[in-house]
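The paragraphs below go through it part by part.

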Amino acid sequence: SYAMNAPMNGQTAPRLVSAVATGTRLALTWQAGSGSPFGYIIERSNAATGPFTAIAGVEASATTFTDVTYNRNRQQFYRLRPADNPTVISNVVGST
């Protein structure tokens with residue numbers, strides 16, 4: 001069997017600052033948490049409590065992401081987490 005055991009590096013959750021929609025695109029902005037993540041996984045849901053589905057991954061230095069599959073006909077909710085630590089999850093923000 002195979003297991004990937006990456007160090008957690010004392011990570012704290014990133015903080016989503018905004019989710020601003022313009023037409024069929026939504027721009028997410030966040031502040032990085034502490035630690036050294038390999039990157040971030042962006043997740044989306046139709047409800048603030050989930051379930052959330054991964055929609056993209058970005059490099060560790062990123063602090064913005066544009067969702068080009070955003071559905072402007074309904075409110076959607078976003079969160080993110082370090083790619084190497086599924087237990088450290090950001091706050092949830094809704095589309096505006």
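Rings of Phe, Tyr and Trp (its six-membered ring) pair if their centres lie within 6.5 Å; planes under 30 degrees apart count as stacked, over 60 as edge-to-face and the rest as tilted. A search of the whole structure finds one aromatic pair. Its members are W30 and Y40, with an edge-to-face arrangement: 5.9 Å centre to centre and 65 degrees between the planes. The pair links distant parts of the chain, since W30 is in strand 2 (residues 25-31) and Y40 in strand 3, 10 residues apart.

Some remarks on the source and the terms come next. This is a predicted model, in which local features need pLDDT of at least 70 and side-chain atom pairs count only at pLDDT 80 or more, while totals for chains, interfaces and linings use all residues. Residues are numbered from 1 along each chain as its sequence is written, and side-chain values use heavy atoms, with hydrogens and water left out. Helices (H or I, at least four residues) and strands (E, at least two) are DSSP runs, numbered from the N terminus.

Are W30 and Y40 buried or exposed? Buried means under 20% relative accessible area, exposed over 50%, and partly exposed in between (1.4 Å probe, protein chains only). W30 has a relative accessible area of 2%, so W30 is buried. Y40 is buried because its relative accessible area is also 2%.

W30 also belongs to the largest nonpolar core, which has 15 residues. A nonpolar core is a set of buried Ala, Val, Leu, Ile, Met, Phe, Trp, Tyr and Cys residues joined through side-chain atoms within 4.5 Å. In soluble globular proteins, nonpolar side chains tend to be buried together. The members that touch the most others in this core are L16, L28, W30, I42, V58, F65 and Y78. Two or more residues come from each of strand 1, strand 2, strand 3, strand 4 and strand 6, and strand 2 gives the most, with three residues. Contact means heavy atoms within 4.5 Å. Not counting residues up to four places away in sequence, F65 touches L26, A27, L28, W30, I42, I55, A56 and V58.

Strand 6 is largely enclosed by the rest of the structure, because five of its six residues are buried. Two strands pair if DSSP finds at least two bridges between them. Strand 3 and strand 6 run antiparallel and are joined by six bridges; I42 has L80 in strand 6 as its bridge partner. Strand 6 also pairs with strand 7 in the antiparallel sense, over two bridges, and F77 stands opposite G94 in strand 7.

The loop between strand 6 (77-82) and strand 7 (93-94) holds N85. N85 counts as buried because its relative accessibility is 4%. A polar contact is a pair of N or O atoms within 3.5 Å; within protein, one must be able to donate a hydrogen and the other to accept it, and residues adjacent in sequence count only if both atoms are side-chain atoms. The side chains of N85 and T87 make such a contact at 2.6 Å.

Which side chain makes a polar contact of 3.4 Å with the side chain of N85? That of Q11 does. Q11 is found in the segment before strand 1 (15-22), and with a relative accessible area of 10% Q11 is buried. The side chain of Q11 also makes a polar contact of 3.3 Å with that of D84.

One further loop, between strand 3 (39-45) and strand 4 (53-59), contains P51. The peptide bond from G50 to P51 is cis, with omega near 5 degrees.
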